[in-house]
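Please keep the structure in view while reading.

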Amino acid sequence: VHVVPFNDLAAVAQLLEREDVALVLTEPAMTNNHGLIEPVPGFMSALRDATLRTGSLLALDETHTLVCGPGGLTRAWGLDSDFVIVGKSIAGGVPCGAYGMTDSLAEALEYDVTSAGFRYADRIATGGTLFGNPLSIVAARATLGRILTDDAYAHTAALGYRLAARLQESLAAAGVEWSVRQLFCRCALFFTPAPPLDAAQARRRDCPLLRRWQRLFFANRGVWDAIVGAGPTVAVPATADDVDQYADVFEQWIAQARALLM
Ligand SMILES: Cc1ncc(COP(=O)(O)O)c(C=O)c1O
C-alpha cells in the first residue's frame, strides 16, 4: 500500500507509471478529520486518465460525500471510475454500505472459475455475515426512496450555502483571516487564509486546542459539533433557524477568539 498526498498528481502518476498498482482508492473530496479538502481543478480527471493509461482501477469512496447530492460527487461532477463505495447516509443511521462497479468488473467477480479449470476455492469471494441483511436494506430503501429526495438534497445544499456565507461574513466583519469552504451541505473552517490541499498541510496548520475550545464554546450555547474538525453539515431536518443559531454562536466565538488571540 502506498499513501500519496491528495492533489499531488505528479506523485501518484510516478507510482502508477510502474504499472504494478492494482487500484487507486480516494474520496473525490477529502472529508472527515480534515474538514473538507477539495480537488484542485482537473485533479480528478487527470487521476482517472493516469489510471486508465497505466492499467490501474480507480475506486471512489463516496461514503461521506453521498450527502452532497443524489449520486454523490460522481454525478455532481461527472466523475468516471471503476468502483464507487457508499455508506453512512444511505441507510439513515442504520449500519449499511454498498458498492457499485463497471459491468466488466462485475462479470469478473461473478465469473465461474471452475468452468476454466480452476478450483472453487480460487474464486473471488464477495459477501459477509451481514451482507444484504434485511434491516439495513429496508432502512436504505426508506432513506433513499423517501428521505434523500432531490428536494431534500436541494434543501440541504441551499442551507449549506447559507451557513458558509454567514460564517464567512462573521470572519470578514471581525477581520479574521481564516477560511471557510463549502461543498453542498458540508462546510469546513480552516485557521489559515487559504484552505489546505492535502492531509499533511491540514494537520500542520490545524490547532486541536482551538478546535476543542470551539466545541466547548458551542456546546455551552446549545450547539453540538458532532465530530471535531469534520465541520458542520446540514442535515435533512435542519431549518434556516438551526443554521442561523449555529452561525450566531460562531459569530460570538469569533469575537472572543479575536479578542484572545489577535
Ligand atoms: C471516507 C470514509 N470511508 C469509509 C469509512 C468507513 O465507514 P465504516 O465505519 O462504516 O466502516 C469512513 C468512516 O468514517 C470514512 O470516513
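What volume does the second largest pocket have? The second largest pocket has a volume of about 660 Å³, and of the 26 residues lining it the closest to its centre are His-2, Val-3, Val-4, Leu-25 and Thr-26. The model is a predicted one, in which local features need pLDDT of at least 70 and side-chain atom pairs count only at pLDDT 80 or more, while totals for chains, interfaces and linings use all residues. Residues are numbered from 1 along each chain as its sequence is written, and side-chain values use heavy atoms, with hydrogens and water left out.

**Pockets and cavity**

On a 1 Å grid over the protein atoms alone, a cavity is a set of points where a 1.4 Å probe fits but cannot get out, a pocket is an open set with protein on both sides within 12 Å along at least five of seven lines, and lining residues have an atom within 4 Å of a point.

| Space | Volume | Lining by class |
|---|---|---|
| Largest pocket | about 920 Å³ | 22 nonpolar, 11 polar, 4 charged residues |
| Second largest pocket | about 660 Å³ | 17 nonpolar, 5 polar, 4 charged residues |
| Largest cavity | about 170 Å³ | 9 nonpolar, 4 polar, 3 charged residues |

Strand S1 (23–26) gives the most to the lining of the second largest pocket, with 4 residues, whereas the largest pocket draws at least two lining residues each from helix H5 (134–147), helix H6 (150–174) and H9. Pro-232, Thr-233, Val-234, Ala-235 and Val-236 lie nearest the centre of the largest pocket.

The largest share of the lining of the largest cavity, 3 residues, comes from H8, and S6 and H9 each supply at least two.

**Helix H8**

The 12 residues of helix H8 (residues 208–219) should span 16 Å at 1.5 Å a residue, which agrees with the 16 Å between its end C-alpha atoms. Its buried residues (buried meaning under 20% relative accessible area and exposed over 50%, with a 1.4 Å probe and protein chains only) are Leu-210, Arg-211, Gln-214, Phe-217 and Phe-218. These residues cover an arc of only 125° around the axis, which puts them on the same side of H8. On the other side of H8, Leu-209, Arg-212 and Leu-216 are exposed. Strand S6 (186–190) and helix H9 (240–261) are among what covers the buried residues.

**Ser-89**

Ser-89 sits in the loop between strand S3 (83–87) and strand S4 (97–101), and it counts as buried because its relative accessibility is 16%. Leaving aside residues up to four places away in sequence, Ser-89 touches Leu-66, Val-67, Thr-143 and Leu-148, where contact means heavy atoms within 4.5 Å.

Definitions and conventions: The expected span of a helix is 1.5 Å times one less than its number of residues. The arc is that of the directions from the helix axis to the C-beta atoms. Grid points are joined across faces, edges and corners, and a volume is the space filled by probe spheres set on the points. Ala, Val, Leu, Ile, Met, Phe, Trp, Tyr, Cys and Pro count as nonpolar, Asp, Glu, Lys and Arg as charged, and the others, Gly among them, as polar.
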